[in-house]
Amino acid sequence: MTSFQSTLDDDEDGIAEELAASQREISVAEFFEKNKHMLGFDSGARGLVTAVKEAVDNALDATEEAGILPDIYVEISEGRDYYTLIVEDNGPGITNAQIPKIFGKLLYGSRFHAREQSRGQQGIGISAAVLYSQLTSGKPVRIESRTQDSETANVYELIIDTDTNEPEISAETEVSAAKSDLRGTHGTRIEMALDANMRARGQLHDYIKHTAVVNPHARIELQEPGGELKSERAEEASLPAETDEILPHPHGVELGTLIKMLAETDSHSVSGFLQSEFTRVGSKTATGIIDAFRDEHFGREMRWRPPADADLEATVADAVANKDATHTAVFARTVADAVRDADSIAPAELGALVADAAADAQDDTGTSFGETVQANVVAAVRDALTSDRVADVLGPVDEATTVQKDDATVRGLAERIAAKFESDGDTDRVTRDTLDEYVFRAAENTAEYADATIGETARENVADALWARMATVPDDPPNTSALADDRDAASDLLAAMASVSVMAPPTSCLSPIEADQLEAGLRTEFDADFYAAATRDADVHGGDPFIVEAGIAYGGDIDSEGGVQLMRFANRVPLVYQRGACATTDVLGDIGWRNYNLSQPGGSGLPQGPAVIMVHVASTNVPFTSESKDAIANVPEIEAEIELAVREAARELKSFLQKRQSMRKRQQKQDVIMDILPTMAEKVGELTGRGGVDVSDSLARIMNNVLVERARSDDGQTVTLRVENHGTGSVDVDVTDIVSAEPDGVGDDASVVAMDDEYFVQWTPAVAGDDAAELTYSVDADADCELSVSGVADARLTVSEADT
Amino acid sequence: MSETHTSDETEARDQLLAIAEQFYDQFADGDIPRMSLPTRSKSNIEYDEDADVWVYGDSQSTRSANSVRGARKLLKSVYTVDFLAQQLDEGRSSTLRELYYLSESWDEAEAQFNDQSESDKLVEDLEIVSGVKREDFHMRPEESGAKVMGPLRLREQTRRGDREIHCQEDVGQGGYQIPNNPDTIDFLDTDADFVLCVETGGMRDRLVENGFDDDYNAIVVHLGGQPARATRRLTKRLHDELELPVTVFTDGDPWSYRIYGSVAYGSIKSAHLSEYLATPQAQFIGIRPQDIVDYDLPTDPLSDSDVNALESELEDPRFQSDFWTEQIGLQLDIDKKAEQQALASRGLDFVTDTYLPERLAEMGVL
């Protein structure tokens with residue numbers, strides 16, 4: 001089953017209609033009881049998570065809409081009979097009048113039909129939680145609200161009338177700010193008692209933690225009997241961009257939706273309908289779609305070329321009877337010239353051409369060439385045009401077949417195709433399917449008689465070449481109401497819409513987290529060594545634009561045992577249950593993670609290691625596998641984008657891991673060489689009797705290292721720091737010599753800072769590969785120096801402080 | 001050997017220390033320590049027209065401290081040079097195997113050898129780089145040279161003084177044991193007409209039992225598989241100093257041809273010493289593939305590895321003669337090999353009475 005929305009739109013027997021129809025027959029309570037598993041309230045443990053989720057989603061929406069950075073407080077306490085759930089936000093507060101809207105009827109949320117990204121997409125949210133509370137505890141929900149700049153807070157007690165499905169305020173009091181339970185100066189606090197337990201603590205914590213990752217701009221605090229969980233706001237995190245509502249996109253609608261839209265539109269013409277009911281369709285795109293519809297629906301007409309030796313003027317003149325000979329000649333010449341100019345011409349085009357010529361001739365000569373005459377002329381010219389169909393078909397056929405085909409085969413094929421046109425009567429009008437059929441049959445016959453093979457590709461090429469030569473017909477498309485009644489024609493329109501390229505839908509309706517914010521979210525929640533995030537460009541599924549984002553955190557404190565943690569999100573809402581049923585899980589399992597340096601036993605399935613992978617799908621309509629909104633459905637377009645987003649982030653991870661591995665190898669190499677070289681030097685010193693020898697230069701060269709060496713002149717007063725770069729790329733090195741006496745003769749390229757009797761002499765030379773820089777200063781011979789070098793990875797740095 | 005031992009020792013020591021000096025200079029210049037060696041592979045041996053033997057070509061491999069492997073090798077080299085120099089200083093000697101075990105006592109774990117083949121090879125490397133022979137480092141192989149039987153009188157310098165030995169009259173059935181360094185031998189006189197090197201012990205015993213050395217005035221040298229350096233050196237000296245023709249009698253299979261090859265042309269592993277060890281004039285008696293056909297000998301079929309070895313010999317520059325191309329081609333053709341002992345199928349005396357006299361006459365030795 002797909003989402004509620006498409007079910008509602010497409011299927012006359014959809015749940016919503018069924019629900020609406022049965023409202024008077026069964027109570028909402030009864031409906032809820034029947035369907036609570038679909039709504040996420042099938043057990044006390046899960047019911048609590050769902051209630052928290054709905055309330056927090058609501059709170060986030062309320063604050064964001066008011067342009068306030070969300071501060072959400074969730075408290076769960078265990079009472080004697082029930083659990084109490086409190087969710088408080090720092091939103092703008094709500095008024096009495098807004099209550100029915102917010103706690104409106106089940107499934108009748110205001111967002112239900114909007115093509116705009118929002119958390120509570122399906123409108124079953126908070127009202128279902130309220131109902132669950134009411135049905136399990138029998139107590140009303142307590143709502144406390146204080147609007148901005150208000151001195152007092154309002155407390156409401158609310159129940160949902162299960163007969164009418166309407167929210168009812170059972171008690172309303174005003175309390176002073178001092179007596180208010182609200183933690184801030186404005187906001188809404190919902191308190192509900194419900195039958196619950198904490199068996200799903202893990203999922204609850206996951207939900208809060210994951211919510212924090214995708215809402216780096218929010219501060220979320222959870223207090224529950226077993227402890228607390230706080231997620232701070234990421235630094236510099238801002239509110240998500242506001243979203244706009246948009247119309248459906250031509251590439252995304254399904255046939256049922258299209259027929260429904262056709263039936264409901266105010267537009268009469270298809271062009272008007274396309275432009276007013278779809279996003280990204282202007283008159284040009286509409287014309288393109290209508291032309292494509294003509295091709296689909298009516299077919300195209302073959303253009304024929306008059307034979308070179310045909311005397312068109314005579315043909316026209318003969319067809320005109322009883323007119324002034326001179327005037328007829330003018331008309332005939334006009335027609336003949338126009339036909340020759342057009343090179344090849346289709347019947348409909350010919351009709352228009354003859355009509356034009358008749359009008360011109362009438363202007364010139366005053367003689368009227370009426371419709372009967374025109375029809376005669378058209379018929380006569382068409383006879384001339386179609387006298388050698390083979391010649392006309394031969395051209396495209398010859399071009400489209402490979403040179404290996406011999407002339408007889410090509411000619412045979414052309415003759416047979418031409419014969420199909422001939423036998424099909426006057427119109428020369430065929431749909432693409434019919435054309436394919438012509439080519440297929442002609443190819444089969446040719447193959448049989450000429451003993452030659454004409455493969456699939458050749459047939460397709462021939463059909464393509466012929467189709468390209470044919471003319472789109474000028475027939476008007478049916479109007480919208482006719483189309484709404486004609487399923488086949490509507491299907492042609494849908495195909496036409498799909499075949500024309502249309503600009504991607506505007507993304508103003510979407511509010512992706514954006515890669516940098518996503519990374520910030522991961523940083524606040526996970527202490528890792530590496531973070532990467534990627535946001536894809538918007539794409540479309542089912543007329544709804546969507547954006548996929550992915551993020552990866554790796555290493556650090558992340559648990560390295562077992563599989564990676566997968567966090568799934570839809571419209572900034574964490575998906576906690578049904579991981580195995582989710583498209584995200586499928587896509588990740590199909591990626592070859594070994595290519596990205598993560599281990600993946602068996603080469604498929606979720607990878608293993610200390611990593612967190614998150615995927616966020618933002619859309620005006622996220623397709624879920626069920627109404628409890630736990631798993632994203634396997635929609636190919638979305639799956640493809642998930643894969644691309646994850647791969648994009650994974651590529652960064654790969655290069656990080658490779659770099660880390662190569663640094664590690666390098667460190668190991670350096671460790672061994674650092675052990676070997678001095679021993680070797682000592683030994684050769686002994687053997688040759690020449691004494692000790694410094695190995696740091698050799699070492700730096702072996703390790704492609706940056707070598708920083710200090711040398712002091714014989715009198716000890718001139719200090720030279722030599723920076724040698726034995727690598728290939730250029731490096732920017734921060735060199736600081738900490739000197740115990742005031743240095744002198746420091747060049748302009750250096751800065752000197754005095755601090756607690758020590759002088760920090762600092763340079764930042766850029767040293768090219770295989771090059772060296774020398775930094776000098778003078779100082780008292782007794783002064784002590786200490787080198788500090790940064791800007792180069794430790795593994796690549798050799799510092800030699802040998803004083804001479 | 002006219003030079004005194006002391007000057008030999010000093011020279012060997014100086015040559016070794018030159019390697020250390022080179023490393024020292026490289027460190028002092030801030031260079032990466034390295035050592036160049038000829039590439040020791042089949043593709044890099046070439047024929048030396050003057051000496052008539054196969055030596056290493058121009059292709060060089062550099063062993064440098066740029067890699068962990070190279071650095072370890074160089075460290076081991078330095079430790080080995082230290083050990084050898086000390087040994088020369090003290091006038092002592094040791095075996096290759098002792099060197100391997102001795103490395104266990106070195107304080108630096110990275111310098112210790114992983115197995116004996118590594119230390120053996122390193123000593124050969126040092127021979128090449130220093131231009132000094134292993135024997136002059138006072139390094140001995142574990143197993144000594146093979147045994148000689150024949151009408152030859154010689155004098156050997158031993159630790160217990162000089163001994164005069166006749167290789168028939170003064171020795172038992174086993175023959176005279178070639179010392180590790182055959183250059184300590186002086187030849188006094190001989191009645192021999194030629195030298196016959198025999199691959200297998202069984203065949204040597206057969207020849208001695210049948211009195212072949214007596215009957216044909218032959219010095220029978222037992223090769224015992226791939227001949228030790230000392231055996232090859234002695235054979236060369238018998239040829240060069242006593243001007244005796246040298247013949248080689250082996251099994252009829254590709255591995256035995258390589259035994260002949262190392263006697264006659266020098267081995268790939270010790271091509272740097274070919275001039276000192278190889279006897280290019282040595283002639284191959286058999287068993288030739290031709291003999292398998294001519295004498296209709298009992299045979300075994302060639303195994304896959306035999307075929308590979310034969311094919312590899314066809315590409316070996318040392319075997320690029322008409323004789324070997326033809327014989328190896330024939331062997332691949334008949335797909336058979338035969339042992340020396342296969343001649344016993346014609347009777348125990350067949351080899352001494354018929355086969356060898358016929359072959360030697362054919363070769364112009366008799």
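This is a predicted model: local features need pLDDT of at least 70, side-chain atom pairs count only at pLDDT 80 or more; totals for chains, interfaces and linings use all residues.
Conventions. I number residues from 1 along each chain as its sequence is written, with chains lettered from A and ligands numbered from 1 in the order in which they are written. Local features need pLDDT of at least 70, side-chain atom pairs count only at pLDDT 80 or more, totals for chains, interfaces and linings use all residues, and side-chain values use heavy atoms, with hydrogens and water left out.

Entry 1, the sheet. I found an open, mixed sheet of eight strands in chain A, ordered β5-β4-β3-β6-β2-β1-β7-β8; strands (E, at least two residues) and helices (H or I, at least four) are DSSP runs numbered from the N terminus, and two strands pair if DSSP finds at least two bridges between them. β5 (166-176) and β8 (227-231) of chain A each have a single partner strand, so one side of each lacks a neighbour in the sheet.

I noted ten bridges between β4 (residues 152-161) of chain A and β5(A), which run antiparallel. A:Ile159 stands opposite A:Glu168 in β5(A).

β7(A) pairs with β1(A) in the parallel sense over five bridges, and A:Arg219 is the bridge partner of A:Asp71. Five bridges join β7(A) to β8(A) in the antiparallel sense, and two residues separate these strands in a hairpin.

Just after α5(B), B:Gly211 has a positive phi of about 70 degrees.
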